[in-house]
Amino acid sequence: MSKPLGTAPAMAGSWSKLSLTPWISEAIVTMGIENMTPVQASTIPRAIKNQDCVVEAVTGSGKTLAFVVPILERLCRAERKYKKGEVAAIVIAPTRELAVQIHSVFQRFLSTIQPPPPPVEDPTTSDTIHSNPTRSDSPSPAFESFSLPMLVTSGTQEVYETFSSLSSNIIVGTPGRLAAFLLSPRGLSQVRVNDLDVLVLDEADRLLSSPDHRRDVERIMGHLPKQRRTHLFSATMTDAVEELIGIGLRNPVRIVVNLRDKRDGEGQERRLPARLENKYLVCGPGEKTLQLVRLLKKEAREGGAKFIVYFSTCAAVDYFYRILTKLNTLHTFHFTSLHGDLPPWIRTTALNDFTSHASTHLSPAVLLCTDVAARGVDFEDTDVVIQYDPPTDPKAFSHRAGRTARAGRAGRAFVLLTNGREEDYVDFMSVRKMPLTKQMYLSEELEEVTSHSALDTGARELLDEIRGVVKTDRELADRGAKAYVSSLRAYTKHEASFIFRLSDMDFHGMAMSYGLLRLPAMPEINEWRKRRSAVVSNPAKTLPVSEGDTEVEEKGDFITPWEDADIDWDNFSYSSKDRENARLVALEKKRLLPPPNEGDKKKRKIQEKMRESWSVQKDKKSRKEDRRIKRDVKKQREHEERLARGEVDEDKSLVRAFEARVKKDREEEDSEYRLLKKEIQGEKVGKKRIVKVEGLFGDLD
Ligand SMILES: Nc1ncnc2c1ncn2[C@@H]1O[C@H](COP(=O)(O)OP(=O)(O)OP(=O)(O)O)[C@@H](O)[C@H]1O
């Protein structure tokens, strides 16, 4: 990128202040790192001594070295050397990508002190020569006591054999795999942790926010000796971390490295790197992909060579990867996709592909990904981050944006917001100390413009171009529908649910941005259309949107016009021969099926219920649960009153009789209901098998 790289983050002094073991200092110099960052200067001396640390510092501020260096230094200073099979330090990270990266940092240090190969005699001079002349001539005595670190994540083959052959004393891994590695019968007998010295939880808040991760972390901690140092690191901390501090750390020191924004004169606190330009761009829902394309082109024109684009779901990443790579207008861009549903080896290849691509502004590299690449991962020189979907968890925002502007470099982050209620996100983030500035809408000429017509004509043209790509393979139509539905589901999971509301969604606009050929047959869309037409016919009326929502005024304002593409669906084929044959067979089978059996009303009622939109189902479930709780509370109160009045004996038999009757009714009802539901599900599974062959959403219309 042509923008200046800038200086390293405000530095906090030379490494020499720490009096580190010489080979560690040498390794740091070899990495080209001259001074400590503030978080390193405040954490390392404390972590080397016997203090537990809870460290909260902005993304890209150098937290990794703040725990890697003290771990190594403590091992060097330890009186007793660790033997094969003994673990001295464990680092837990939430994702495989981050674990791999931390492991590679340890490896960079430890590979500098591997025992040199035996010296060979130079026959011409009879001098002794070393195969690696750059290595220090007097290898540290420590090299005998250190072996390479071990990585324990998905994709690690034969863990116990590797552990034994590497004789690793330092283990880096993800929670589930680490728990299995340490706590399986083989782990319990082969991996000794009795003398473990340090445990580090990197991205601690993320580790504790997922119930599965949390359970695994707690199991691991329960297995480790209490006499250990424990450090927690993250750019964001949560209440869950506070809880853990109470149970898993001993008298920890809290290190918070804040940034003060000097630009506003008052020096307000910021949660984002100082040289990050943090921007938002507002557009219509049908213009989102158009604005993404224009933003990529504009930023590349201004020198951007490495981009990361975040989507909310794996399906959206998969789909947009297949589409964007085929758009003429982006033919100079090199795309890579990365998400958690990909097998480990593909994830590794994807990361390598993105990081090793020799990108320039003429041939920029773009990583399309989910939050699997939001935290911790250090992509050097990322110029621009674009959030196509704002994150469902607002804390992820700073982690995503923080993939650029790392280690004092300059960088830009953009979030795309649709006009209307989503614009409130700007204030919402500002309160969270993440101020955003406006990026104007981009015209076809990539100029910044203040206003444009109700729907940019470019959006319609892009829809046609995407549809042209989709029409080449039915698979793409399936993937598009899957991506659309999954993104809508993700939309309902936003923590800021008062901003991101499905009831405000312009389903047509979103379908246009996805380049769909037709709208999926979702009850949510049908309900929305009904509401819209009611509003259009009576604009003054205020309609209740859904239960649980307060009344929302729908003003009959602009919604994106929509027309399904003209497609002969029976003859729209898969490019894969196997899939296409299977589809044709399924189609024929369907044609030969007898007409549906009429008359089973109950069955149809259950079918209808099963077809209800997921949002309504969720609402109903929570209302049912509320009612049940209220009923229980009322029952309990009545019971206590009877007890107080001394009516309990008589009442007991009455209650028992009543409960038995209710139970019997319910069982009868339930068993019939269950039987019918099972039958329908059975039919559905049978159908799905066909549908799966036809395409995931082949049955929706
Ligand atoms: N003292 C230093 N001087 C210059 N660069 C540094 C220094 N320490 C670390 N770096 C570099 O800064 C970058 C970011 O470091 P690191 O990944 O540790 O950040 P982080 O605080 O863990 O970020 P995140 O919160 O996103 O995980 C890396 O490329 C690293 O090599």
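The ligand has 21 residues around it, and the closest are Thr 59, Gly 62, Lys 63, Thr 64 and Ala 407; a residue counts here if its C-beta atom, placed from the backbone, lies within 6 Å of the molecule. This is a predicted model: local features need pLDDT of at least 70, side-chain atom pairs count only at pLDDT 80 or more, and totals for chains, interfaces and linings use all residues. Residues are numbered from 1 along each chain, as its sequence is written.

Which helix gives the most to that shell? Helix α3, residues 63-77, with three residues. Helices here are DSSP runs of H or I, at least four residues, and strands are runs of E, at least two, numbered from the N terminus. By class, the shell has seven nonpolar, ten polar and four charged residues. Nonpolar means Ala, Val, Leu, Ile, Met, Phe, Trp, Tyr, Cys and Pro; charged means Asp, Glu, Lys and Arg; the others, Gly among them, are polar.

Now the domains. The assignment gives domain 1 (13-114 + 147-260) and domain 2 (270-536), with bounds from an automatic or database domain assignment. Each of the two supplies at least three residues to the ligand shell. Their centres, taken over C-alpha atoms, are 34 Å apart. The contact between them takes 20 residues from domain 1 and 22 residues from domain 2, where contact means C-beta atoms, placed from the backbone, within 7 Å. On the domain 1 side, α4 (96-110) and α8 (204-209) are the elements that give two or more residues. Of these, α4 gives the most, with four. That side has six nonpolar, eight polar and six charged residues.

Technical notes:
Two residues are in contact if their C-beta atoms, placed from the backbone, lie within 7 Å.
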